[in-house]
Amino acid sequence: MLEIRWHSRAGQGAATGAKGLADVISTTGKHVQAFAFYGSAKRGAAMTAYNRVDDAVIMNHEKYMEPDFVFVIDPALVYTSDVTINHKDNTKYIITTHLSKEDLIKAQPKLEGKEIYTVDCITIANETIGRPIPNTPMLGAFMKVSEMYDIEFFKESMKRILGKLPQKIVDANMIAIQRAYDEVK
Amino acid sequence: MAFDKMELKDIEVWDGNFAAAQALRQCQIDVVAAYPITPSTPIVEGYAKFLADNYIEGEFVMVESEHAAMSGCIGAAAAGGRVATATSSQGFALMVETLYQASGMRLPIVLNVVNRALAAPLNVNGDHSDMYLGRDSGWIQFDAFSPQGAYDLNFIAFRVCEDHGIRLPCMVHQDGFMTSHTAQGVETLSDDVAYNFVGDYKPMNDMLDFEHPVTHGVQTEEDWHFEHKARQHNDLMTKVFPKIEEVFADFEKLTGRKYNLVEEYDMKDADVAVVCMGTSVETAREVATEMRAKGIKAGVVGIRVIRPFPFMQIAQALKDIKAVATLDRSAPGGTVGMLFNEIAGSMYNLEKRPMLCGKIYGLGGRDLTKAHLVELYTELQANVDAGKITTPLQQFIGVRGPKLSFL
Amino acid sequence: MANKGWDEFEIGAMLRSFDGSIDDIAGTAQVDRTYSPSSSYTASVADWRLVKPVFNKDYCIDCQFCWIYCPDVSIIARDKKMIGVDMDHCKGCGICVEVCPTNPKSLLMFPEQAEEEAEIASWPAKDEEK
């Protein structure tokens, strides 16, 4: 079982990103689950979304999760949310930030000793899609870190999922995914 | 057919709401009268979009309340159309008056209930309070444990309720957010296969049949009312289960997916068992398997059909069990939980009555964790080892503050 | 209607107007329709009445007000002409008299035992005050 927790703000597309990732993975024969915590949160409020991936049908519907990966797609949430809650020794973090890894850990000492990857999904989204929607770039970075799928296969799959959007937006997302794949460190 | 068909992958990643909306599209619902409410909104929103995009020949009626939504459905069903809608929580509560009208008038409406807590305090998350509120309304109630169930049970519901020997409305329940907003793989049916399973709607006593004029919604006082209610109860008790089992069998032939009135998991040789509904059934199955690895013979009973209640089937499933816990996801308001009551009644005349205790859990969407269930099975095994119930009969799971238990 | 047992009637809170099918219902007058025994058309409520409406066609302008307002569909009209009152279903409520706009009124209430011809012969004159 592979488990992922997303930290996001409502409106940044974490729930959509989690469902998109689940959709891609499902086409390769694996079983998936994607959900989010909602409540009455309005756009901008901190929220979390979740993915589960397994070879067998996923029966577990508990919301509690000790994630293998933590995605932080908004740069402020490493300070205001508890992004390391319920972590495991080998939990990997992919964090959106303009800071270097060293400066990030200095600013948030809780990340000391964790396996951390950084990528500036907000800047990438702004420069490619034209809006700060950092969900698809985060998935590009995840493909690099996890080596889950070949990036070309992943982009082709995402093209299908984003299919109903205008071609310009789909193309911009492809560039964003590739840039995050190349830039994550 | 004048409408467009949709190409679906064999497995689509859908949440429970979208799965239900797709089922309504494939069943070609004539009329949806709806007043959307979280978390069921995407079901009727989905129907409206499919309609606007020419995937359905039908009518979406916007109304001013849930009471009006069900009233519109009743009118459309009496007129002679295939009718469905969806609601949750406060909306369901407002609909209650008309639920009794629909069942008493014997109108085959399918209501998707995305289960959510009832205020106060206001809460949009999933528990079974609204489901319990409908349990005396004379409707057939199916319960989905996953998005796949929410999809499949809609087809099954139409086949059952539209049968001229049944003609009773059906609810299809799914857990708010835990099913409705959780995307999982759903094995799909093609549009033609799905529609053929449900079949063309066959009207009965429809008001649009001008050669056979009828008056619907008549008044009866003490001279006739009892006979009407007795007839309805008789049909619920004697005709519905055979029909459901026939439809379940047909559905299995078509899809390979097998549904049962009572979903037993590892019950054959179990010592301890939990009885529950919704997503908790699947989580409990996973934990039961893990308990067996630890030497505790654990089983799970999931209630697939809540009304009519599978009284005898439950007794059969639990007859050799030593200790049983019921899991009620609704505040019982001064008594034991509904499942505790029903299960106690089912088991009362068994030769070896299992020990029974009841748990109240998950109110307002509070998480039921695997750790809770491990603790519960361990406690049941302790009762078996002690040969008696070692805890109070009613306990709350997962609530903060001093431990709450009663009786 | 006989008080049947729970298993002896059709399901639903539903009553049929006719046993079997009917053609051209809109083109068939009530008196020519073969209503079902479960239809209230075959039930008389004449004995509920203490006062009755008497119709005087000399003053009627066929405005159809009485036909529209009668709560028991007891005004008989043919080709938009008022021809009388269905005395099997009239309960004597007097609404038809209330709404009648002519002067004098073309419908008036009289005791149940009153003679119709005698009352028409002594019908009140036009009220000049109005």
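# Notebook: chains A, B and C

I began in chain A, where A:Val70 stands opposite A:Tyr93 in E5(A). The pairing behind this is between strand E4 (residues 69-72) and strand E5 (residues 92-96) of chain A, which run parallel and are joined by 4 bridges. I note here that the model is predicted. It scores ipTM 0.93 and pTM 0.93.

**Entry: the sheet.** I then traced the sheet to which these strands belong. I find an open sheet of 8 strands, in the order E6(A)-E5(A)-E4(A)-E1(A)-E3(A)-E2(A)-E8(B)-E1(B). Its pairing is mixed. Which strands are at the edges? They are strand E6 (115-119) of chain A and strand E1 (11-14) of chain B, each of which pairs on one side only. From one strand to the next I read an average twist of 20°.

**Entry: where the sheet passes from A to B.** E2(A) and strand E8 (residues 183-187) of chain B pair in the antiparallel sense, over 2 bridges. Within E8(B), B:Ala183 is the residue that stands opposite A:Ala34.

**Entry: helices on the sheet.** I checked what H1(A) lies across. On the chain A side I list strand E1 (2-9), E2 and strand E3 (46-54); on the chain B side, E1 and E8. The helix runs at about 175° to E2(A). Helix H6 (residues 147-161) of chain B also packs on the sheet, where it touches E1 and E8 of chain B. The direction of H6 makes about 40° with that of E8(B).

**Entry: the A-B contact.** How many residues of each chain are in contact? I have 20 residues of chain A against 19 residues of chain B. On the chain A side, the elements giving two or more residues are helix H1 (14-26) and strand E2 (31-36). E2(A) gives the most, with 6 residues. By class, the chain A side divides into 9 nonpolar, 7 polar and 4 charged residues.

**Entry: the B-C contact.** I moved to the other contact of chain B. Here 16 residues come from chain C and 20 residues from chain B. I divide the chain C side into 8 nonpolar, 5 polar and 3 charged residues. Strands pair across this contact too: strand E9 (residues 214-216) of chain B and strand E1 (residues 14-16) of chain C run antiparallel and are joined by 3 bridges. C:Met14 in E1(C) has B:His216 opposite.

**Entry: a helix pair in chain B.** Last, I looked up helix H3 (residues 66-79) and helix H4 (residues 89-104) of chain B. Their axes come within 7 Å and cross at roughly 25°. Angles under 35 degrees count as roughly parallel, and H3(B) and H4(B) are therefore roughly parallel to each other. The crossing of H3(B) past H4(B) is right-handed. From H3(B) the contact takes B:Glu66, B:His67, B:Ala69, B:Met70, B:Ser71 and B:Ile74. From H4(B) I list B:Gly91, B:Leu94, B:Met95, B:Glu97, B:Thr98, B:Leu99, B:Gln101 and B:Ala102. By class, this contact has 7 nonpolar, 5 polar and 2 charged residues.

Methods. Residues numbered from 1 in each chain as written. Chains lettered and ligands numbered in written order. Predicted model: local features only at pLDDT ≥ 70, side-chain atom pairs only at ≥ 80, totals over all residues. Axes fitted to C-alpha atoms, helices over the stretch in contact; angles between N-to-C directions. Parallel < 35°, antiparallel > 145°, perpendicular 65-115°, else oblique. Left-handed = near helix turned anticlockwise from the far one by under 90°. Contact = placed C-beta atoms within 7 Å. Nonpolar A, V, L, I, M, F, W, Y, C, P; charged D, E, K, R; others polar. Pairing = 2+ DSSP bridges.
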